[in-house]
Amino acid sequence: MALLPDEVGTIVEHMFNGMAYGKMLFENGQPSDFIYLYTNPAFETLTGLSGVVGRRVSDVIPGIRESDPLLFDIFGRVARGGKPEKFEIHVEALGAWFSITVYNPKPDHFVAVFEAITERKLAERNLLLANERLSLAQRTAGAGVWDWDIPNGTLTWSDELFHLFGMDPATAIASFDTWRSVVHPEDMQRAEDVILACIRDHVPLFNEYRIVLPTGEVRWVDAFGDTAYDAGGNAQRMTGICIDTTARKQAEAQIEFLAHHDHLTRLPNRFVAKERLKMAMAYADRANEYVALLFLDLDSFKAINDSLGHNMGDLLLVEVSRRLQACLRETDTVSRQGGDEFLIILTHIQDIDAVTGSAAKIVDALAAPCEIEGHALEVTVSVGIAIYPSDAQDTETLMQQADTAMYHAKGRGGNDYTFFSEQMNVARVAALAIRAELRQALAGGEFALHYQPQIDLVSGRVLGAEALLRWHSPKRGLVLPDEFVFIAEDCGLIVPIGDWVLQEACRQAALWQQAGLPELTIAVNLSAMQFRRGNLQQSVVQALSASGLAPALLELELTESILITEAEAALETVRNLRSLGIRFAIDDFGTGYSSLAYLKRFPIDKLKIAQTFVQDMDTNPEDAAIVHAIIQMARALGLRTVAEGIETADTVEHLLLHHCDEAQGRFLSSPLPADAFRHYVLAAMQPSVPNKVLT
């Protein structure tokens, strides 16, 4: 079949390209191979193949039939008389791209004209990759490109810009009306003014504004651009990008928030509270009003935090914050100062009585149990109150005075509020002085123990003694525990002091036995701080080991607050020590929670009835009823009872009548130094000496 004139012209046109002439081979009607009959020099140059004439292509390029089936399909189709075809193919065996035009000069033959396009293909691929990277970068950065033909007023947007504006590039149209439809109404005028000002002043564009997506979501964008001008200074084109900066804006807002708020409770922090206090004081001066500053500290938070974990403590702080906010007006401020401390600023105060009402409301609000993750947490608060300008003229002094009042409220047992007074300053200065002296007292051996006998009410026999701490201060003389123990607990010195008490009490009890006294139980009071900060179990074991005292002769007195606030840590320690034979008593029973649940959980041997009930039971029927109830309950539970604070013979008779087991108090004996206690026991053992209990 002869070539048509246009085909001849095309071949001539490609004479400087590679050319091959060959015969197709078919099997079962399908092209299976072809034989090269002619190739021009350019073919050899482009393909790198030589000496191919007379050879099958499958021999020249092994595996080509499988790797490039498109080549055989098109060659076979044209060789059978089909129309000329042009296609591009990547010949894997040669590692090159070709543009091939195939003609049919006669049946089962072909002419193929080759053009090497590898460089163009690589350039196209690199351009495609670059565009893909640019598109990816734009999508990642939330960026879109825009171009504004200023004289014609036309806009062109990239697909990314449409996406940024929440639109479909296939249906939306780039225009200023479209742009205005997404710009936040509050930012519209300013955004347009910035664009016009940049064109007028020949400065690069930087525009920051909000957009509202069709979904209603509000986002922030930054627009950057530059303007091209003609020779006459007329603006021709502005090109730039828009970047989604919502995440950055949110991060900046979060940083700004955290700089002025507590990260956990979201309340204003110390810095903000101080600034608001200054503003409130300045306003109060002009309005002739008062400002009340309340300093709050949770009474039992550390025990909850230590026993149930910091996560539970954090949840409790959040709940406390919520309750405090619910107690206040919009003009007031509540701030977390750190830990479990809060500050409240009450403004526009014209009557101090209003402060009393607010403080009482806060105390009541926090006294209610907090239900958190299945736990009913009970936490109370101590509140100190200072008034501006009555108590102080500046913020620092006012905050110190509120803090002082808070400590005074805590010292009275907590769960209360107290107004500042000058006497508190005196007391606090004295407390600081005592704190400094206590450190020297422990190192200088200024502490001593006195021992108050504990008497069996039926036999009158001395069963043991309670070890009571005394401080022989070179400056103050004899100092009783009520004057310094709470200070030692506040600063943590109660732990080493408590260890010394254990060691000394056990040592003295062992010495009495060596001196011929009968086996006597020695009772030692424990502080909650010893469970919390010390290693109580190790301290007790060391005291017993060093003294040689039998564990059964040591009785450790717990307060009900320890059983509640240190419940988990205390329970394990108590059980471990109980397994050694050590006995346990609950001190001042009846003044705390008096919970049967704790009596059931803890291996208690004895209840010590608080002296506040014992001292008045002869004249106060209610106190007598409480004492009777405690004794009956203890007998039912198999526990012994000890009545503290006995001051009259009538009280002894009353207690005997109701089957109380033991007694101690000034009527029987005041606390005695160790040697005086020894003589007391020896005298009580003599038949000729009258016994106050029996007589």
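**Before starting.** I am looking at a predicted model, where local features need pLDDT of at least 70, side-chain atom pairs count only at pLDDT 80 or more, and totals for chains, interfaces and linings use all residues. I number residues from 1 along each chain as its sequence is written, and side-chain values use heavy atoms, with hydrogens and water left out.

**Cores.** I looked up the nonpolar cores first, meaning sets of buried Ala, Val, Leu, Ile, Met, Phe, Trp, Tyr and Cys residues joined through side-chain atoms within 4.5 Å. Buried is under 20% relative accessible area, exposed is over 50%, and partly exposed is in between (1.4 Å probe, protein chains only). The largest core has 84 residues, and Ile 522, Leu 556 and Leu 655 have the most contacts inside it. Its largest share, nine residues, comes from helix α18 (residues 494–514). Helices (H or I, at least four residues) and strands (E, at least two) are DSSP runs, numbered from the N terminus. Apart from this core I found another, of 32 residues, with Ile 304 and Phe 342 among them.

**Leu 556.** Which residues does Leu 556 touch, leaving aside its neighbours within four places in sequence? Counting heavy atoms within 4.5 Å as contact, I noted Leu 502, Val 524 and Phe 584 among its partners.

**Rings.** I paired rings of Phe, Tyr and Trp (its six-membered ring) if their centres lie within 6.5 Å; planes under 30 degrees apart are stacked, over 60 edge-to-face, and the rest tilted. The count comes to 22 aromatic pairs. Phe 98 and Phe 114 have ring centres 5.8 Å apart and planes at 85 degrees, so I logged them as edge-to-face. Phe 98 is in strand β4 and Phe 114 in strand β5, so this pair ties together parts 16 residues apart in sequence. Both of these Phe residues are buried. Trp 148 and Phe 176 are also edge-to-face, at 4.9 Å and 75 degrees. Is each of them buried or partly exposed? Trp 148 is buried at 11%, whereas Phe 176 is partly exposed at 23%.

**Helix α25.** I then turned to α25 (residues 621–637), whose end C-alpha atoms are 24 Å apart. Among its buried residues are Val 627, Ile 630 and Ile 631.

Technical notes. Expected span 1.5 Å × (residues − 1).
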